[in-house]
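Reader: I am new to this structure and would like to learn how to read its features. Could you take me through them slowly?

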Amino acid sequence: DVCLLARMMAANLYYSQIEDLMFELSMWRCSDELRVQADELHKSSKRDAKHYIEFWKQVPPNEPYRVILGDVRDKLYQTRERSRHMLAHGISDIPEEETFTNTEQFLEPLELCYRSLCACGDRAIADGSLLDFLRQVSTFGLSLVRLDIRQESDRHTDVMDAITKHLEIGSYREWSEERRQEWLLSELSGKRPLFGPDLPKTEEIADVL
């Protein structure tokens, strides 16, 4: 149940960010690789599958990035709803193949968009919100808890606690897991460095950093 709840929360969070990217990536110029994928998705999409508040009509084929991201949005919606059904009833009529079941599936279309933007001379756009989102998904996965930790978690907690205290925003160690995730996601979305050279460091903290 904990895993299902985490997946439902992650899908809900990512869902709103995908819609933001759909607004941003309105350009028609794209790589052949992305064009082929977008054309296939457009031909196979169901015209009245869902009714969204934004982009509720079928995205036209001359907006290839939105076609790709629209499919991502559909799968996030299905991932969220299937998780909700499973939590409430232990069963769902949404097939698992219509959802994201691992992070690699989620990253694939995002990385496709990134490669296409770079190939078409839009590197500045690629390195904006899209790259930030890619980093979030790579770090937190589909459950908001998949962190690449190579050292003891207590040592990492010590480092994060030192940073938040230095920033005078509280004690990371005393925060709930939800509060920690919220702050980490916020920092990943930001442009400024997490800390400067004036961060007080013990020998242990310096070793981790």
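Reader: Leaving aside its neighbours within four places in sequence, which residues is Ser83 in contact with?

Author: Contact means heavy atoms within 4.5 Å, and by that rule Ser83 is in contact with Leu4, Arg7 and Met8. This is a predicted model, in which local features need pLDDT of at least 70 and side-chain atom pairs count only at pLDDT 80 or more, while totals for chains, interfaces and linings use all residues. Residues are numbered from 1 along each chain as its sequence is written, and side-chain values use heavy atoms, with hydrogens and water left out.

Reader: Is Ser83 buried or exposed?

Author: Ser83, found in helix α3, has a relative accessible area of 4% and is therefore buried (under 20% is buried, over 50% exposed, in between partly exposed, with a 1.4 Å probe and protein chains only).

Reader: How do α2 and α3 pack, and at what angle?

Author: Two packed helices are described by the angle between their axes and the distance between the axes. Here α2 (residues 32–44) and α3 (residues 64–89) pack at an angle of about 60°, with axes 9 Å apart, and are therefore oblique to each other (under 35 degrees is roughly parallel, over 145 roughly antiparallel, 65 to 115 roughly perpendicular, the rest oblique). Among the residues that meet are Leu34 and Leu41 in α2, and Val67 and Ile68 in α3.

Reader: At what angle do the axes of α4 and α5 cross?

Author: The axes of α4 (residues 103–119) and α5 (residues 123–140) come within 9 Å and cross at roughly 170°, which makes α4 roughly antiparallel to α5.

Key. Axes are lines fitted to C-alpha atoms, for helices over the stretch in contact, and angles run from 0 to 180 degrees between N-to-C directions. Helices (H or I, at least four residues) and strands (E, at least two) are DSSP runs, numbered from the N terminus.
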